[in-house]
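This briefing is for a reader meeting the structure for the first time. The sequence and the model come first, followed by notes grouped by topic.

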Amino acid sequence: MSAVVVSAETEFALGAARSEALARLTDGLDARGLAWLAGYFAARAEIGAPAPISAPTVAPTLLIVSGSQTGNARRVAVALAADAERQGYAVRHVHAGDLKLKDLAKERLAYFVISTQGDGDPPEEARGFIDGLLGARAPRLPELRFAVLALGDSSYPRFCAIGRAVDARLAELGAERVLDLGEADVDIERVAAPWRDAALLLAKTWLTPAPVSNVTTLKPRVAAVTRDAPRAIELIENQRITTRSALKDVRHLVFDLDGSGIHYQPGDSLGVWPINPVAHVDALLAASRADGTAVVEHGGAAHSLRDWLTREREITRLAKPVVAALAERSAHVAEWLAAPNLPERLRGTQLAELLAQFDVRVDGAWLVAHLLPLAPRLYSISSSALAVGSEVHLTVAVDPRGAASRFLADSVAGSPVRAYVETNPRFHLPGDDTDLIMIGPGTGVAPFRAFVQERAERGARGRNWLFFGEQHFASQFLYQAEWLDALKRGHLARLDVAFSRDQAERVYVQHRLSERAQDIYAWLEGGASIYVCGDATRMAPDVDRALRAAIESARGRGDADDYVAALVEDGRYRRDVY
Ligand code: NAP
């Protein structure tokens, strides 16, 4: 082992640096603070630093990694980070898409909050990270301690599959699990809240919290608009943009943001807190035979059961924990729950229908005990603030059995709607000079209307190429006039459309993409980015396959997977699909 020789000059310099660091550390501390520090250093000298086994190569911060699709995992991670900071820990919260595996190897304590989409898919932003972690080239992580909180939906057989895989793989790579994997179902907080508490308690074992400052920093009192602190914004336009004869009812909705403190960028989503439609509440009260006038205590106030169901509970989406509670009362429901196609069953059934089907009665107390809190719905924003000023636009397909789309469709101009922006940095525009290929069938076209508006306003030099698909040209060509105008003005360089039901054979956007393989490849070779928005279950995988096939046919060799992996790595292939 080589000895370190410290020269007199170095020692002097070190001494000066230490005095300076100490001065910085103690600057502004009152007598209590100085006494605390003195005690702290005395204890450190006596028992040694409460440091990890080996000296850390970076400052011992708590790393919190979130992998989120709709914002739930991110919200849990933000809450964890805020609690940790309040307790004096140095915390760094990163999105999985921004975390390099080699950097993870330098960390000492990392907590992961990661969701699973549907039956076992990673959240879009975590795809690259998960691939790397599970891949053969993942680094060993002997210095790392970790814990994983997995979010998922237990109606799927592969519940929390991504969180489970991350948890197992980190251990396999030599990291030490400090807390058992938490598996949160759709009633997230039931598991997430105690998991957060346990994780923070454990952090004390390896990290030293700094004294919590009693100095109050003066900040401007502008309250942030968030999911839990939304703003009421006014609906100023509600226009159907499919013809009366069309099967689908798609609405163009315009809201006034003036004075709301809400700001957005193209690619972001608007979170909307719905009010359950009266018909759904009536159906549930009738089927359950619960008394709608019964009093429910909630949030320190008394509500009628009817009002509480209308504003506070999820009644249009059926979740497995709710049905499992019902199955305790009915063998028929238990049988129904055991069916193999549970996710589809749950999607196609409402609680009121299940109660009626099996003639199960529940009272108000049961509903209060088991129904999940109402959650906001996210809609891709379809406008650019540069083009529409203080407005925000949405493009919403109405689901008559849903909560928010029906609530919005039934709302007239002048109605207040509680909303906030869910920022989505991974789906923001690339640089102005980058060519852009956008694939957005159906209402998946929403963010691309915002993109084209924004780029037109900015005078962006990059070319825009849109692939749009719907069932019929005559009744469902969403924003047709705007796209044709954009083509004329050069704000769209190319437009390819696929109207699936205007001919005997179904034609989809990916068929158009395959027909344009050479040009797609040429655009990609020229540095273009490719963005996809819309249906996650069928469209996105089909488009992905078509893209790989197009690249292979244009390159004339079978290395499309590597090519696409590089696009993802460089942030040039992005998807906002669900
Ligand atoms: P949609 O159901 O996606 O239909 C649009 C067009 O896509 C139709 O012509 C449809 O044809 C066609 N299509 C069906 N299967 C396809 C496939 N495998 N590949 C390519 N195209 C296919 O339109 P929508 O009703 O507007 O719904 C859009 C979907 O995207 C919904 O699932 C919604 O949840 C999601 N969405 C996501 C976002 C987001 O921000 N991530 C925004 C909006 C919508 P046929 O009907 O004739 O088969």
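The side chains of Asp 485 and Arg 489 form a salt bridge, with N and O 2.9 Å apart; a salt bridge here is a side-chain nitrogen of Lys or Arg within 4 Å of a carboxyl oxygen of Asp or Glu. The model is predicted: local features need pLDDT of at least 70 and side-chain atom pairs count only at pLDDT 80 or more, while totals for chains, interfaces and linings use all residues. Residues are numbered from 1 along each chain as its sequence is written, and side-chain values use heavy atoms, with hydrogens and water left out.

**Salt bridges**

- Asp 485 and Arg 489 both belong to helix H19 (residues 480-489), where four residues, about one turn of the helix, separate them. Helices (H or I, at least four residues) and strands (E, at least two) are DSSP runs, numbered from the N terminus.
- Asp 485 is partly exposed at 28% relative accessibility, and Arg 489 is exposed at 56%. Buried means under 20% relative accessible area, exposed means over 50%, and partly exposed lies in between (1.4 Å probe, protein chains only).
- The count of salt bridges under this rule is 40.
- Arg 251 and Asp 249 also meet through their side chains in a salt bridge, at 2.7 Å from N to O. Arg 251 is buried, at 14% relative accessible area, and Asp 249 is buried too, at 15%.
- Another salt bridge joins Asp 359 to Arg 289, whose closest N and O atoms are 2.7 Å apart. This pair links distant parts of the chain, 70 residues apart: Asp 359 is in the loop between helix H13 (351-357) and helix H14 (364-370), and Arg 289 is in the loop between helix H8 (278-288) and strand S10 (295-298).
- Asp 359 is exposed, with a relative accessible area of 57%, whereas Arg 289 is partly exposed at 43%.
- Salt bridges also link Arg 74, Glu 125 and Glu 422 in a network.

**The parallel sheet**

- Five strands make an open sheet with parallel pairing, in the order S17-S16-S15-S18-S19. Two strands pair if DSSP finds at least two bridges between them.
- Strand S17 (494-499) and strand S19 (573-577) are the edge strands, each pairing on one side only.
- From one strand to the next, the twist averages 10°. Axes are lines fitted to C-alpha atoms, for helices over the stretch in contact, and angles run from 0 to 180 degrees between N-to-C directions.
- Strand S16 (residues 464-470) runs parallel to S17 and is joined to S17 by six bridges. Glu 470 has Phe 499 in S17 as its bridge partner.
- Helix H17 (residues 446-458) packs on the sheet and touches strand S15 (436-439), S16 and strand S18 (529-534); the direction of H17 makes about 155° with that of S15. Contact means heavy atoms within 4.5 Å.

**The antiparallel sheet**

- Six strands form an open sheet with antiparallel pairing, in the order S12-S9-S14-S7-S8-S13.
- The edges are strand S12 (377-380) and strand S13 (391-397), each of which pairs on one side only.
- On average, neighbouring strands of this sheet are turned by 40° against each other, direction ignored.
- Six bridges pair strand S7 (residues 231-240) with strand S8 (residues 250-256) in the antiparallel sense. Glu 234 has Asp 256 as its bridge partner in S8, and Leu 235 has Phe 255.
- S7 also pairs with strand S14 (residues 416-422) in the antiparallel sense, over four bridges. Arg 231 stands opposite Ala 419 in S14.

**Ser 384**

- Ser 384 sits in the loop between S12 and helix H15 (385-388) and is buried, at 0% relative accessible area.
- Leaving aside residues up to four places away in sequence, Ser 384 touches Tyr 264, Pro 266, Ala 450, Gln 453 and Glu 454.

**Around the ligand**

- There are 23 residues around the ligand, of which Ser 380, Ser 500, Arg 501, Tyr 508 and Tyr 578 come nearest. A residue is counted as near when one of its heavy atoms lies within 4 Å.
- In the side chain of Ser 380, an N or O atom is 2.3 Å from an oxygen atom of the ligand.
- Gln 471 has a polar side-chain atom 2.9 Å from an oxygen atom of the ligand.
- A backbone N or O atom of Asp 576 is 2.8 Å from a nitrogen atom of the ligand.

How values were computed. A polar contact is a pair of N or O atoms within 3.5 Å; within protein, one must be able to donate a hydrogen and the other to accept it, and residues adjacent in sequence count only if both atoms are side-chain atoms.
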